Amino acid sequence: MGLAQYLAAALLFLLLLGVALAQRQVTVQQGPLYRTEGSHVTLWCKVSGYQGPAEQNFQWSIYLPSAPEREVQIVSTVDPSFPYAIYTQRVRGRGIFVERLQGDAVLLHISELQERDAGQYECHTPSTDQRYFGSYSAKMDLVVIPDSLRVTAIPQTLNKVEHDSLELKCEVSKSTAQHSHVSIAWFRQRGSEAPVEIIALSRDFVLRPGSAYAQRHATGDVRLDKVGETTSKLTIYNLHPSDQGEFYCEAAEWIQDPDDSWYAMTRKRSQGAVVNVQATDKEFSVRLETEKRMYIVGEPAEFRCILEAQNVPDRYFSISWAFNSSLIASLGPNAVPVLNNEFAQREALGQLKVAKESDNVFVLKIYRLRLEDSGKYNCRVTEREKTVTGDFIDKESKRPKNIPITVMPLKAGFAVTAISRTPGVTYNESFDLQCIIKPHYPSWVPVSVTWRFQPAGSSEFHDLVTFTRDGGVQWGDRAAAFRTRTAIEKAESSNNVRLSISRASDTEAGKYQCVAELWRKNYNSSWTRLADRTSNLLEIRVLRPVTKLQVSKSKRSITLLENRPIPLNCSVKSQTSPDSHFAVLWYVHKPSDADGKLILKTTHSSAFEYGTYAEEEGLRGRLQFERSASGGLFSLTVQRAEVRDSGSYYCHVEEWLLSPNHAWYKLAEEVSGRTEVTVKQPDNRLQVSQTHRNLTVRENEWVTLECLVSNRSSPSSQLLVEWWVRRGRADRAALAWLSRQGTLHYGEPRRRLRLESPAPGRFLLAIQNATVRDSGAYGCRVEEWLLDPGQRWYKRAEQLSGITTLTVKQPDPTLQVDTATANLTVQEKESFLLDCSILSRSSPDSHFAVTWYSLRAKEAGEEEEEEEEEEREAVLSVGPDAIFSPEAGRWQGRLRFQRLSALLFRLTVLQAGGADTGNYSCRVEEWLADPNGVWYRLAQEESGTVAVHVQDAGSTLQSVICSNDALFYFVFFYPFPIFGILIITILLVRFKSRNSSKNSEGKNGVPLLWIKEPHLNYSPTCLEPPVLSIHPGTID
């Protein structure tokens, strides 16, 4: 039982350890940290236990002491717009930036720290895990304190002589409230050369000399002493000419961080003191340097012989190089090298070089070491003096200690093996490949390792990545897809190379192998490949995830009216990944089609593509696509539905996932259930009043006919109203109509029709000044038009109204003429009057036609059986338009017409004669004009008779003459010219007879003949104009 308990405990520990390893952990630098204002600060942050890409993203924020609950964003590795406004300028100017140490570790840099930068800093890593598990952020406190460090020294220039002593003082003070230490160091600098450290007092109060002054410090020639609370003194005894330069002190204030490490919060230097040292003798020293003591065959080696002396350019030195006490080469004051036979050959082959690098530095370079080059190397420097003859004599000679080196052979026999623990992975998982090289070469042995890759389905390998011989990483030309998700590292203790690929996809599926190459560096810096080995093939299979896509298969039916929206839903019940994207294709199937037609496609990237059906049916402007916030419900709405939109609708869903190489691939697809859609036109609810009416009006009155629409199919419909009339058995004729657009159109009689709509649904037709011809059956025809979703109008309904029978009557005649009878006796040749009096009329607008008749008794003649009757003779007619009839017969010239008033007409007959005796009457016709201006006879009446008796006054000469025109002219006018002619004739005859018979005729003295002018007595009555001429015309 004890063993079982231990095993169970161990198993539980391993499970808990696995869980712990699997959860994300963000670690930030431990706080609080104290840093001085104006200094450069770095804060590190790293993440472990994550899933996803090897390169994680980091976001830094701060919680200020003034608002500890409010997050202020500073900088992000992924989002340039992440910083808040107060940090944007500093981030853009690189005053604040993030340095990536590796894929999962970064440093936050803040240069020139400000007081407002104090607060609690938070490092957050956005999740790349399949599920949230662990910590995704960490916090630490940063305290900004004033910079109180002060470093001062007296600026001065000192002239010293070799072997003199030098004393310099430096005052260092601080007033930091926190516990801190101060370190002090003295430096010497010459011009642009790097400063040389003389001696330093560390923060732990340990005195350390610089490398150039270590020997002199050991002999007591260099000291650093504290002479006061804040003052230290540098003392250098036995000055050398090489001590010449500018001396200054540098102090740093250190504080201990929570992780027990010390950090230099601020560092300052004093002003310098210039020290000149004048040499007094010709002493010199020599030292020999090289980089290392162990070499491999073929590697280069360099030895440097350094001469330390005053005024070297003004002195003469010769140098000799020795190997195992054997001379290699020598250089005289002219710097021309002279090599012995063996090394001269190597120098000629470019494997060795002896040269003077500067006045005090001499170099021996062996470009390609051999095994026999192992041994001791040294140089000797001899000062020489030039005589007056130009010859050189040797003076003092010095050499440093020997430097031994060892040249080792290179083992070229090795083996390469490629291994992997995960030959089969799923999309987005990670896998490692290791290239193991045996035996293990030292780190200085140049070995390059190349991973090669053969994609699945291809027969060609290409270089993926190379860990070069000099430790660099070189990617292949076709490795762009690998770079962002691949990490390569080389073990420090061996040449084994591990290739880690995260977020695997099908582009990483294939065969891998590694190739290792052993190299040697030649004397001319070229490289020679000594050996290479190729590993075994390693096949990696990358499988796609198993789909979990499910689309709702439910069916439903929708019946709706035209112009309403059609709602269509497509529901994804389950999906493979929360990051799945969907392409949704919407189809409609009509009974007349074999297959469904594509309406709309929304790709996985939310791009829209209209199908052929949408283009053909003009649906583009009527489609509205929506996706719910949860992402599983897709909606398509067909706006303003039409009847032709009826059909069976369904969606086709494609599930797309993003491969690790950022390429989308289709994982699965499924079809939804169908939605049966039926689109109907609105019901016909048009109702027009069917009431029948009879309407009787008098002529010239106004008639109003009503057409009442009590209901319609849609409030937005348009109505066409047409008025018609049917007279007798004729067909219906359109009178007027109101179009759908509200335009009025009139038929005949156009000027007397008026169409209006005083209220919605109520239409009136007014007929002005109705005439008898307007009588008939009237009605209206109403058409209802609806606008379909395609903005096209169509006639939905049509209905006739009830009939209104209109009867237009003429005015009732009220014409009355005076029917009283009268007797009138006149003398012959006198005038008599015939009056025609109208007692009443039917209308003030009436016109009258008046005709006078003469009624004379007519005897039977030959037929005695016939009774005696009156003969009517028209004397004079005056029409309603005041036009007279022509005078005829015996009445010609004897009639005068007068209209004494609107209702009294008079006819005067002149020169009455016996034939005028008889009965007279007048007939009156009343005429009215209809609304069209056409006159018609409304009524006629006869007046009473007037009996006229003309008395005969006897015949006298005067009356006879005056009554006959021919006789009147014969008696009163014709005799005058006749008498004149007769007188002239008599005178002519008489004149001739005088000439022929003067004696006989002239005896008595009396004329034989004379003429007496007759006396004419004219009656004034007979001189009146004999004729009465009355011409037709208009009588007002």
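Reply: Buried means under 20% relative accessible area, exposed means over 50%, and partly exposed is in between, with a 1.4 Å probe and protein chains only. This is a predicted model, in which local features need pLDDT of at least 70 and side-chain atom pairs count only at pLDDT 80 or more, while totals for chains, interfaces and linings use all residues. Residues are numbered from 1 along each chain as its sequence is written, and side-chain values use heavy atoms, with hydrogens and water left out.

Me: Why is D645 called buried?

Reply: Its relative accessibility is 2%, so D645 falls under the 20% limit. D645 sits in the loop between β50 (633-638) and β51 (647-658); helices (H or I, at least four residues) and strands (E, at least two) are DSSP runs numbered from the N terminus.

Me: What is D645 in contact with, beyond its neighbours within four places in sequence?

Reply: Contact means heavy atoms within 4.5 Å. With those neighbours left aside, D645 touches I566, K590, Y613, L619, R622, V638, R640 and V679.

Me: What makes the approach of D645 to E642 a polar contact?

Reply: The rule asks for a pair of N or O atoms within 3.5 Å, one able to donate a hydrogen and the other to accept it, and residues adjacent in sequence count only if both atoms are side-chain atoms. The side chain of D645 is 2.8 Å from the backbone nitrogen of E642, so the distance is within the limit.

Me: How do you know that E642 and R622 form a salt bridge?

Reply: A salt bridge needs a side-chain nitrogen of Lys or Arg within 4 Å of a carboxyl oxygen of Asp or Glu. The closest N and O atoms of E642 and R622 are 3.7 Å apart, so the pair qualifies. E642 lies in the loop between β50 and β51, and R622 in the loop between α6 (612-617) and β49 (623-627), 20 residues apart. Both E642 and R622 are buried.

Me: Which residues are linked in a network of salt bridges?

Reply: The network holds E617, R622, E642, R644, D645 and R792. By this rule the count of salt bridges comes to 53.

Me: What makes R35 and D257 a link between distant parts of the chain?

Reply: R35 is in strand β2 (residues 33-36) and D257 in the loop between β18 (245-256) and β19 (262-269), 222 residues apart. Their closest N and O atoms are 2.9 Å apart, so the pair meets the salt-bridge rule. R35 and D257 are both buried.

Me: Which residues touch the most other members of the largest nonpolar core?

Reply: They are W451 and Y512, in a core of 39 residues. A nonpolar core is a set of buried Ala, Val, Leu, Ile, Met, Phe, Trp, Tyr and Cys residues joined through side-chain atoms within 4.5 Å. Strands that each supply at least two residues of this core include β34 (431-438), β35 (447-455), β36 (462-467) and β40 (510-521). Another core, of 30 residues, lies apart from it and has I328, F362, L364 and I403 among its members.

Me: Why does L464 count as buried?

Reply: L464 has 0% relative accessibility, so it is under the limit. L464 is in strand β36.

Me: What makes the nonpolar surface patch?

Reply: Y969, F970, F973, Y974, I978, F979, L982, I983 and L987 make it, with about 910 Å². Patch residues have over 30% relative accessible area and no salt bridge; like charges are joined within 9 Å, and nonpolar side chains (Val, Leu, Ile, Met, Phe, Trp, Tyr) within 5 Å. Areas come from the Shrake-Rupley method with a 1.4 Å probe; for residues, only the protein chains shown count as cover. α9 gives the most to this patch, with 5 residues.

Me: How much of the chain is buried?

Reply: Buried residues are 39% of its 1036 residues. The chain has 10 helices and 74 strands.
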